[in-house]
Amino acid sequence: MSNETNLKSMNDLVALCKSRGFIFQSSEVYGGLNSCYDMGPYGVELKNNLKARWWKSMTFRPDVVGIDASILMHPTVWKASGHVDGFSDPLVDCKACKERYRADKIDIKQPCPKCGAKDSFTDIRQFNLMFKTQMGAMEDTASMVYLRPETAQGIFVNFLNVQTTMRKKLPFGIAQIGKAFRNEITPGNFIFRMREFEQMEMQYFIKPGTQKEAMEQWKEARWKWHLDNGIRAEKLKWYKQEELAHYADAAFDIEYEFPFGWGEIEGIHSRTDFDLKQHEEFSGKNLHYVDQVNNNEKYIPYVLETSVGADRGLLMVLCDAYRVENAGDKDNERTVMKFHPSLAPIKVAVLPLMKKPELEECANKVLFDLMQNYRCEYDVSGTIGKRYRRQDEIGTPFCVTIDYDSLTDHSVTVRNRDTMVQERISMNKLESYLKDKLKF
Ligand code: GAP
């Protein structure tokens, strides 16, 4: 039995993400841009797999459809939603060392946590987190627009478009994946809190009065989704929000235990009819729903929202998968990313035992066949042991090795990432063998 340990420090994960091509600092050659990150070749595959699973879980059901709204929206959207007046954090600066803090995250009666100066904080100021930009050639306020701080408003303003064109009856949902931007005062913890990030949000439109049962339904569905992605249940917990946002009458977060402590992954919010009512008032358009099932009763639907960060979800997947086996044992230590196979960026690695033309020719045929169904990688450089370790570190569930016996017995060795057990499989049964193991 191997002796397995979990991720202890974020530094280990950051180093692996860089060295193995998952995540790079944005604009690194220029010294980096704080709290912005680029997905490398394995990072983008992993994140795309996560987003695809979310999209499938939402839109492979009769009552949810998807949209892709634009990032730039009419500026009045953000007045109506309350973001212009209320989407701000309290900010203080240390006058001695110039460090900036969120006033609600430190005790401002205590000395500065960075330099130790006493009574050095400025007065608290409210700092709006929305990024502004100019639209068109005129540099006046009329052309000022915001980068959306949440994707949800793109769904709200399309409620009637979707409901009427799709002929949807309540309850129904609209799902969306897209970028959001927040000028966070204290970003950090790698990709946990970024200034540019992606959200996966779904707004479920319901009859007023049914929000409690919708909350229960979606709490259960969202919890199960994380478990289905292989996240360990003991690393997840619910947090009931007591201080509710201006639009909510109930809110629960799913939290994950990161090496730096518990952090929110997903919010499930009962948003009442706040947003649609506001958009009706600010736009002057009638956003009432006509309930044909209930005597053509007219009302503004209530909304149950599920909102999970794609990048924060990705960070959870990376942290949860990271294991070190036999730590400190020079010969047997290995770092392995135990991704759920559906999320793994590469499903199968094809490895000729040696760099010999006859082995490579055979391996290329195997690779070509497997590539029709799976994202594969071919690697011929270095010892086979080193190549296995490399695949372990990027979380490839299966390695297929072609040796000299393969040329005569038409079999290959399949190595399982998690157990390291090796099985001899006939080449003509390889596809069905993998199909069975990579079924999700
Ligand atoms: N529409 C509701 C909404 O945006 P939120 O709790 O502010 O609610 C939802 O954000 C999710 O978006 C969070 O649970 C988190 O996963 C992700 N998120 C929020 N701010 C983020 C940031 N600065 N960096 C990365 N992810 C973030």
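Me: What should I know about the numbering and the model before I start?

Reply: Residues are numbered from 1 along each chain as its sequence is written, and side-chain values use heavy atoms, with hydrogens and water left out. The model is predicted: local features need pLDDT of at least 70 and side-chain atom pairs count only at pLDDT 80 or more, while totals for chains, interfaces and linings use all residues.

Me: Which residues surrounding the ligand are the closest?

Reply: A residue is near a molecule if one of its heavy atoms lies within 4 Å of it. Here 19 residues surround the ligand, and Glu150, Met194, Glu201, Glu264 and Ile265 are the closest.

Me: How does the shell divide into nonpolar, polar and charged residues?

Reply: Ala, Val, Leu, Ile, Met, Phe, Trp, Tyr, Cys and Pro count as nonpolar, Asp, Glu, Lys and Arg as charged, and the others, Gly among them, as polar. The shell has 5 nonpolar, 4 polar and 10 charged residues.

Me: Which strand gives the most to the shell?

Reply: Strands (E, at least two residues) and helices (H or I, at least four) are DSSP runs, numbered from the N terminus. S14 gives the most, with 5 residues; this strand spans 261-272.

Me: What lies 2.6 Å from an oxygen atom of the ligand?

Reply: An N or O atom in the side chain of glutamate 264 does. A nitrogen atom of the ligand is 3.4 Å from an N or O atom in the side chain of arginine 271.

Me: Is histidine 279 buried or exposed?

Reply: Buried means under 20% relative accessible area, exposed over 50%, and partly exposed in between (1.4 Å probe, protein chains only). Histidine 279 has 6% relative accessibility, so this residue counts as buried. Its place is helix H8, residues 274-283.

Me: What does glutamate 45 contact, leaving aside its neighbours within four places in sequence?

Reply: Contact means heavy atoms within 4.5 Å. By that rule glutamate 45 is in contact with Pro345 and Arg375. Glutamate 45 and arginine 375 are 330 residues apart along the chain, yet their C-alpha atoms are separated by 9.5 Å.

Me: Which residues touch the most other members of the largest nonpolar core?

Reply: A nonpolar core is a set of buried Ala, Val, Leu, Ile, Met, Phe, Trp, Tyr and Cys residues joined through side-chain atoms within 4.5 Å. In the largest, of 56 residues, they are Leu13, Phe22, Trp54, Leu315, Leu318 and Phe339. Helix H9 (residues 310-321) supplies the largest share of this core, 8 residues.

Note on methods. Polar contact = N/O pair within 3.5 Å; in protein donor to acceptor, adjacent residues only side chain to side chain.
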